[in-house]
Each structure stands twice: as C-alpha cells, then as structure tokens.
Amino acid sequence: MLIIFGASGDLTARKLIPGLFNLFKGNHLPENFVVLGVSRSDLSDADFRKKVILESKFLNKEDQQKIEQFANAIFYQDLGETYDTNYTQLNHRIGDLNRKFKTANNYIFYLSTPPSLFEAIAKNLSDQGLNTETEGWKRLIVEKPFGYDLKTAKLLNKGIQQYFKETQIYRIDHYLGKETVQNLLVTRFANSIFEPLWNRNYIDHVEITNAESEGVGSRGGYYDGSGALRDMFQNHLLQIVSLIVMEPPIGANAEEIRNEKVKALRSLRIMRDAKTLHEHTIRAQYMSSQIDGAEIKGYREEDGVDPNSTTETYAAIKFFVDNWRWKDVPFYVRTAKRMPTKVTEVVIHFKSPHHQIFQDSGMFNKDNKLIIRIQPDEGILVKFGVKVPGQGFKVERANLDFYYSSLSETNVMQAYERLLLDAMQGDATLYARADEVEAAWEFVDPILDYWKNGKDVRVYGYSAGMWGPKNADDLIDGFGMWRNPTENLADAQEFCVIC
C-alpha cells in the first residue's frame, strides 16, 4: 500500500499518479496494490479519483479502460485541519484496505509535504505502530528540499530517525531516477576504454551544466528564499558529482554504492577563505530582455520576489577533489534559469597528447570530450580528432554518438516510475542516505555564508536568454570556456564532413 501525504498537491497529480499508472500499464505493480491519498482537503474517494485520474490532463485518454481499472485501487482519507493530529482514524482506514486488498502489511508512506511536517507525520505514524516491521515492511519516502543548511538537515535527520530506522528512510531525488544519470556508473565501470582513463593522468577538467529556459514563474516566493545553489546544486548536481568522483564500489548493491558516494562527497575540498570563495564562485540574476519579440521579466520583477533581492538564479562553482584520483583536476558546475535552452549534461575534457605533431591554431578548443547528456536528447557523445580531407594534416573534431531514443524496443522509465518501483522492491541505491545529505551541505554551507555575509560580494546580471554573465568564462582556467550546448546532443559547433 502506498500512502501519499499531501495527496491533493500538484506533485501527486503531475508525477506520482502518472508514474504509478505507467507502472500499472507495464504490469510492474504487484497484483495486490492500493493507493491511499491523505491530506487536509475535504474530498471523497470519488472526488480524489476524478481529480488525479479520471479528469487528469497528465494521463493518456486512449487508455480509458486501464484508467478505470487503475482508479478502482485509489482511495482518499481526509486528515482534517492539520497533519499533526491523531492518526487513529487513518490507521483504521489503512487496516481496512490492507485486509481488503491483501497487501500483507507492506506500507510505503510518501511525504509530499513541506519538510517542516516530516517529523510530526513520522511521530504520529509511530504512535499508531505504523513504523514497526513485526508484520510486513514499512518505508518512508521524503521529498526535497532536505534541509535549508547543514544545521537544519541534521535536525531533520535526527527528527525522522527517532521514529523510523535509517534503513526505512528513502530520500528521493528524481534526478537519480534518470537513465542517463545511472548510466554514468555503467559508462565508468563497465567499459575498458574509459575506466583506465578516469583519473588526473588523462582528464584535464570536468564540466557540468544544468540550464533551464524558464524563469521562476509562480515559484517566485519559494525561490527567493532558496536560490539556485540550494534548489539545484546542493542536491541534484552534487549527486551527479558523487557518481563521477566515486571510487569503484566492491559490488553493485545499494549500500556499497552509497558508501562510495559519501566518501566522494567528503573528499570535495571545502572552500572557507574569502579569497578562494571570491575567485571560485559566481552568482547572478537574469534581467529583463526580449526573446522572440516577447518581453521577458527580470528576476526582481517576478511575482513574489523582493525588488531588492540578491538571490541567485545563476550559480557557477569551481572546486577540487582531495584524493589521488582527482588531485588538481578542476570541476566546474553551473546551474541557471532563463538560459537559451533547457539542458543538463556532463562533459569530461581529456588532456591533449603531450607530444602534438598536428599543431593547429585552434587546438586548445578541440580537446577530446566525453559528453553525457542527461536531458533532453538523452545519450552519449564522444568527440575525437580526424583529418580533414585534402592536403596537409588539418585536424577537426568528429562525433561518435549514442541516443536512448534509438532503442525503439526499449521503454525508458521516467524518473518517478523508476524510483517508486525501487522503493517497492526495497532497492535504496538511487536514494540519498543521511550522511550523504549532510556531506553535501558541509560543502555548500560556506559558499552560502560567504554570499550572505562576505565583503564586496557581487551579484552579476545577465539578460534572459543568454548564457550567464559576461565574466562566467573567467572561472575556467587557461584558454577554456564553457560548452554552451544546444537542445541536440551532437550540436553543430564542431563538426567534420567525411567524404
């Protein structure tokens, strides 16, 4: 039984129910399966089914027969005015559905609520004995943001762990549910053409870009109290960093992989002095602009945003990893809103050969690259040198690529589908552990503190629809610059026609 707290909210209708429905269509759900939505809205079972299934704009209406079958396993329980209340009535409803649908006392509690309610909900479930595993298993899924800083993350962990064991707690990060993020591990550890090169001897630098073309929209009030570093970098992007940095785990089981991810995050060099923080971080906000003839608001003009806000919509960080594998290899990570396109990708820049016999005026910008595209146009691209036809030895870069879309017979699960199924099967590989969350905050906290309290800290501006502030490339050492990707993985910036 999946019990969703905050079930009347947007996430349930937009992601959770469609994800569960796709699992249902694909015959991935157990025969004895039921969903119980829980929130403070006054809804009946029929009202809830109508809202999230029968009249949902997120489900394919061609599957009407399947939709009606699925709707019969969806129920709703009104908690009343508050989540911090006695759960006796809820316990009775869970027990009734458990007996009717024969779910063997196996419960997942999904907290799609603000983090401030996590501890209260966990306590009230515990008071009813709904955390005990004497009969069946019990799991608790919690949504981000998991803490506002290191202190609040520790308090949140401690609060939940009073009532549920760490092995029962699943901290969900939908980025880890993406196939291309998971494929980082396979690319690294299952291929002898990459695994021996995955170190400081062969890699010059690593670049990660997360760009969104939209602004903050209706989230202005929330976003102004969060910012790009908290909203994307601390969780999604540091999770990707940990998969790039980590050492080979002993095996493929969840704990071995999570152990190495924690070690990776703890090996990040924490920046504490003002000089390093000034030179290695950039924050900026998007300003008003015209895109395709339309007037675009600047960040400070968005609804719910303080007109004098210094909250960043663009964050770029340069950092190092203190271990043998990555010594002196710079990592460059940026995340931003109002970029020219929506894209997330990892770029591994390999070092140039020590002895270069084919010199070219632009060779510094033609290094070998491994590009792992996370979204959209998911896939992998390798850029390597080839001779341009004709006299001499002019070198250009050619592409060797793979696209997930080319796997026509393969159904690539969406992130929430994969993560929900993993939780049902007790596979915590793609879920964050408490020490993992705290290690990420330990790295981010000094940056946030410097941006808030440091002297002469600047907030740069960039026009909406541009690739960040003018000085963004200054962050990258030498002659380097950010790779500004297009929607398509194999962009046309560097190409070679082979006749």
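This report describes selected local features of a predicted model.

## Basis

Residues are numbered from 1 along each chain as its sequence is written. In this predicted model, local features need pLDDT of at least 70 and side-chain atom pairs count only at pLDDT 80 or more, while totals for chains, interfaces and linings use all residues, and side-chain values use heavy atoms, with hydrogens and water left out.

## Aromatic rings

A pair of aromatic rings is described by the distance of the centres and the angle of the planes. Rings of Phe, Tyr and Trp (its six-membered ring) pair if their centres lie within 6.5 Å; planes under 30 degrees apart count as stacked, over 60 as edge-to-face and the rest as tilted. The count by this rule is 18 aromatic pairs. One of them is the edge-to-face pair of Y332 and W482, with 6.2 Å from centre to centre and 80° between the planes. Y332 is in strand β12 (residues 331-336) and W482 in the segment after β17 (460-463), so the pair links distant parts of the chain, 150 residues apart. Strands (E, at least two residues) and helices (H or I, at least four) are DSSP runs, numbered from the N terminus.

Y332 is buried at a relative accessible area of 1%, and W482 is buried at 4%. Buried means under 20% relative accessible area, exposed over 50%, and partly exposed in between (1.4 Å probe, protein chains only). Elsewhere, ring pairs link F233, F319, W326, F331 and F443 into a cluster.

## Charges over rings

A charge sits over a ring if NZ of Lys or CZ of Arg is within 6 Å of the ring centre and within 35 degrees of the ring normal. R49 lies over the face of F75, 4.9 Å from the ring centre. K66 lies over the face of F24, at 5.4 Å from the ring centre.

## Helix α9

Since 18 of the 18 residues of α9 are buried, the helix is largely enclosed by the rest of the structure.

## Backbone in loops

Q375 and P376 are joined by a cis peptide bond, with omega about -20°. P376 is placed in the loop between β14 (369-375) and β15 (379-387).

K102, a residue other than glycine, has a positive phi near 55°. K102 is in the loop between α4 (88-101) and β4 (107-111) and counts as exposed at 59% relative accessibility.

## Salt bridges

The structure holds 22 salt bridges, each a side-chain nitrogen of Lys or Arg within 4 Å of a carboxyl oxygen of Asp or Glu. In one of them, the closest N and O atoms of E133 and K165 are 3.4 Å apart. E133 lies in the loop between α5 (118-127) and β5 (138-142) and K165 in the loop between α6 (150-161) and β6 (169-171), so the pair ties together parts 32 residues apart in sequence. Both E133, at 34%, and K165, at 49%, are partly exposed.

D435 and R433 form another salt bridge, with closest N and O atoms 3.0 Å apart. Salt bridges that share partners join E255, R258, R433 and D435 into one network.
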